[in-house]
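User: Could you walk me through this structure? I'd like to start with the ligand and then move on to the fold.

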Amino acid sequence: MQKEPSEFTMQNAYSAYAKLRTRRSCRSFTDKPIDDALLQEIILTGLSAPTGGNLQPFSLIVVKDAAKKAVLAEVCGQGFIAKAAANLVFVMDWHKLSAYTRAKKAPFVANRVLNHNIIAYADIICAAQLIEAAATMAGIGVCMVGNIMGSGERVGNLLKLPENTYPILMLSLGYPANITDKRAPKLPADVIVFEEEYPVFDEETLLAAYDKKYSGMIAPLPQDDAKREEMLAALRESYLTTYTAEETDMILSEIEAAGAMNEMQRRFGIHYGAAGMLKKQEAFFSDMARRNIIFGPTAERKE
Ligand SMILES: Cc1cc2nc3c(=O)[nH]c(=O)nc-3n(C[C@H](O)[C@H](O)[C@H](O)COP(=O)(O)O)c2cc1C
């Protein structure tokens, strides 16, 4: 039962803050299902989130079916999704509003306008984060899955999504199973929160804060010669997006000499891969445009 806000004291608020600060992404779930009524409460809490222009341009598909979860896990390339009790697929949705505006004889172009699409995504993030918070309060683990982006066709077919919609974020929910890895460290508040104006950082302070966050995160190059060469070739492609050929050679020989990469080199050089990031962006625009959502610089529909 929902309590009246008047019953909510500051003491409750501080205990809620303490609980919320225990949050972390959960990628390991037990088989315990989430009670339907509880899941509904959690989702309804999320639906009270703020929404740009009060438009609520999204839908939420709750996926509990094992076969569908397996497809989502494969599409997103992350096995934990199949083990989650429920996956909530957030769909950017101009389908409903375009039908409503047409019924009301109003013009409608929001699906073709970048800032409206950004706001629609922001709406989704607001609701998703509120759901995460509500789930955390109930001891349920959550992982946001942005990896669902770029899979409009497969997810669209799987969930029977109509035109003018795009699956853009997913939340995997379940009861946490033996989480043993350490919490992801956050940057300290003083490099994020500023009083009245943006400060002039000395580079040393800035780098030290990031170094602390990513300390100990060193990725060794593969021992195997062929695999190492393959990785260096992938790194080279990534580096050439940002550095000259000469600089690239210099940095790569430093990496080779160290036999390892730091976290930024791994993340942007290999994990995302700077060259791949740029290529994927084009594919992403087209994937959205095929569903009639224009997130790119063009207002033309790509067939
Ligand atoms: C928009 C968004 C998308 C995310 N996508 C993924 C994802 O696809 N897969 C994943 O394992 N984690 C994903 N995460 C979780 C982040 O990796 C995680 O929040 C970050 O590493 C910090 O860890 P913490 O949440 O435990 O504090 C995503 C988080 C956000 C906010």
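User: By class, how many nonpolar, polar and charged residues are in the shell around the ligand?

Analyst: Keeping in mind that this is a predicted model, the shell around the ligand has four nonpolar, four polar and two charged residues.

User: And which residues surround the ligand?

Analyst: The ligand is surrounded by R24, S25, R27 and Q78, together with C143, M144, V145, G146 and N147, and also by A184.

User: How many bridges join strand 1 to strand 2?

Analyst: Six bridges join strand 1 to strand 2, which covers residues 86-93, and the two run antiparallel; as one of the pairs, V63 has N87 in strand 2 as its bridge partner.

User: Switching topic: what domains does the assignment give?

Analyst: The domain assignment of the protein chain gives domain 1 (19-174) and domain 2 (216-290), and their C-alpha centres lie 31 Å apart. Four residues from domain 1 and six residues from domain 2 take part in the contact, and the side of domain 1 that touches domain 2 has, by class, two nonpolar, two polar and no charged residues.

User: Last one, helix 9 and helix 10: at what angle do the axes cross?

Analyst: The axes of helix 9 (residues 225-239) and helix 10 (residues 245-258) cross at roughly 145 degrees and come within 10 Å, and the crossing is right-handed.

User: Which residues meet there?

Analyst: From helix 9, L232, L235, R236 and Y239 meet T248, I251, L252, I255 and E256 in helix 10; by class, this contact has six nonpolar, one polar and two charged residues.

Key
Residues numbered from 1 in each chain as written. Predicted model: local features only at pLDDT ≥ 70, side-chain atom pairs only at ≥ 80, totals over all residues. Pairing = 2+ DSSP bridges. Helix = DSSP H or I, 4+ residues; strand = E, 2+ residues; numbered from the N terminus. Domains from an automatic or database assignment. Contact = placed C-beta atoms within 7 Å. Nonpolar A, V, L, I, M, F, W, Y, C, P; charged D, E, K, R; others polar. Near = placed C-beta within 6 Å. Axes fitted to C-alpha atoms, helices over the stretch in contact; angles between N-to-C directions. Left-handed = near helix turned anticlockwise from the far one by under 90°.
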